[in-house]
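Hi everyone, thanks for making time today. Please have the sequence and the model up while I talk, and we'll walk through a few places together.

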Amino acid sequence: MSTPLPVEFRTARPEDADQVVPLMWESSRGLIDTTMSAVPGGPAALLRRDFLRGRGIFGHRQQLLAVAPGGEVLATITLYRGRRYQALSLQTLLSSARFGPACLAAVLRRSLAVSRLFAPPSPDCLFIANLSVLPEHRSRGYGSLILREADRVARDTGLTGLEGDVSISNTRAWALYQRLGFESLGERHDSRGTGLDGFRRMRRPVLRPTAASGSGDDTGSVSGP
């Protein structure tokens, strides 16, 4: 394993869109393509719109970045309080309205179809989603490092746990999250013909600073609502 570069953790800014939007898309490509394929310009167009607005799930205000000294974004993760899920989801739908009423209707219809695969986040948790590390920097510990920073964010905001969803077929990701202390709360499987894998809801208590330790592996991604 190569030694990780030193990184700065910070909230994303609108000017980070060119680096962050492709990473978010890659993190949950199957899910994002399923819900956003009707968008003119493709899913990346809606992701970019939502990122720049800042108010939805993919908005820059909800993205935590690991940034190398030269400014390269090495990893990104979506973080939000569980109780904000519905409000953020509504704002992402409003971002799709920019592309016209037909697009809004299609995104809403497809989002409702896949929503059965996800339970609402617990209100007392910091929900994690769309964790992605640049391919050339994987297996260097950046996924573990950004999750440790997520612990700090949760502690600072008085939340008690980290919660997220991971694809059942992504066994490598699940193995890492287990090593980091996550436990399964249950699984939901596709029964509506969406073509998606089922998803596993996972959770662990927020770690204290002395208990937070890194790992020498990265998953590449974690999905979620």
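Let's begin with arginine 203. Not counting residues up to four places away in sequence, arginine 203 touches Ser122, Asp124, Cys125, Thr160, Gly161, Leu162, Glu163, Gly181, Phe182, Glu183 and Leu185, where contact means heavy atoms within 4.5 Å. Arginine 203 sits in strand 7, residues 199-205. Helices here are DSSP runs of H or I with at least four residues, strands are runs of E with at least two, and both are numbered from the N terminus. The arginine 203 side chain also makes a polar contact with the side chain of aspartate 124, at 3.3 Å. A polar contact is a pair of N or O atoms within 3.5 Å; within protein, one must be able to donate a hydrogen and the other to accept it, and residues adjacent in sequence count only if both atoms are side-chain atoms.

A quick word on the ground rules. This is a predicted model, in which local features need pLDDT of at least 70 and side-chain atom pairs count only at pLDDT 80 or more, while totals for chains, interfaces and linings use all residues. Residues are numbered from 1 along each chain as its sequence is written, and side-chain values use heavy atoms, with hydrogens and water left out.

Now to the strands. How many bridges join strand 2 to strand 3? There are 5, and the two strands run antiparallel; strands pair if DSSP finds at least two bridges between them. In that pairing, glutamine 63 stands opposite threonine 78 of strand 3. The hairpin of these two strands has 5 residues between them, and there glycine 71 takes a positive phi near 100 degrees. Strand 3 also pairs with strand 4, again antiparallel, over 6 bridges, with leucine 79 opposite isoleucine 128. Strand 3, residues 73-81, has 8 of its 9 residues buried, so it is largely enclosed by the rest of the structure. Buried means under 20% relative accessible area, exposed means over 50%, and partly exposed is in between, using a 1.4 Å probe and protein chains only.

Asparagine 130, in strand 4, has a positive phi of about 55 degrees although it is not a glycine. Asparagine 130 counts as buried, at 2% relative accessibility. Serine 139 has a positive phi too, near 65 degrees. Serine 139 is in the loop between strand 4 and helix 6, and counts as partly exposed at 31%.

Finally, two helix pairs. Helix 1 (residues 17-27) and helix 2 (residues 29-36) pack at about 95 degrees, with axes 5 Å apart. That makes helix 1 roughly perpendicular to helix 2. Axes are lines fitted to C-alpha atoms, for helices over the stretch in contact, and angles run from 0 to 180 degrees between N-to-C directions. Angles under 35 degrees count as roughly parallel, over 145 as roughly antiparallel, 65 to 115 as roughly perpendicular and the rest as oblique.

Helix 4 (residues 85-97) and helix 5 (residues 101-115) pack at about 145 degrees, their axes 7 Å apart. Leu93, Ser96 and Ala97 of helix 4 meet Cys103, Leu104, Val107 and Leu108 of helix 5.
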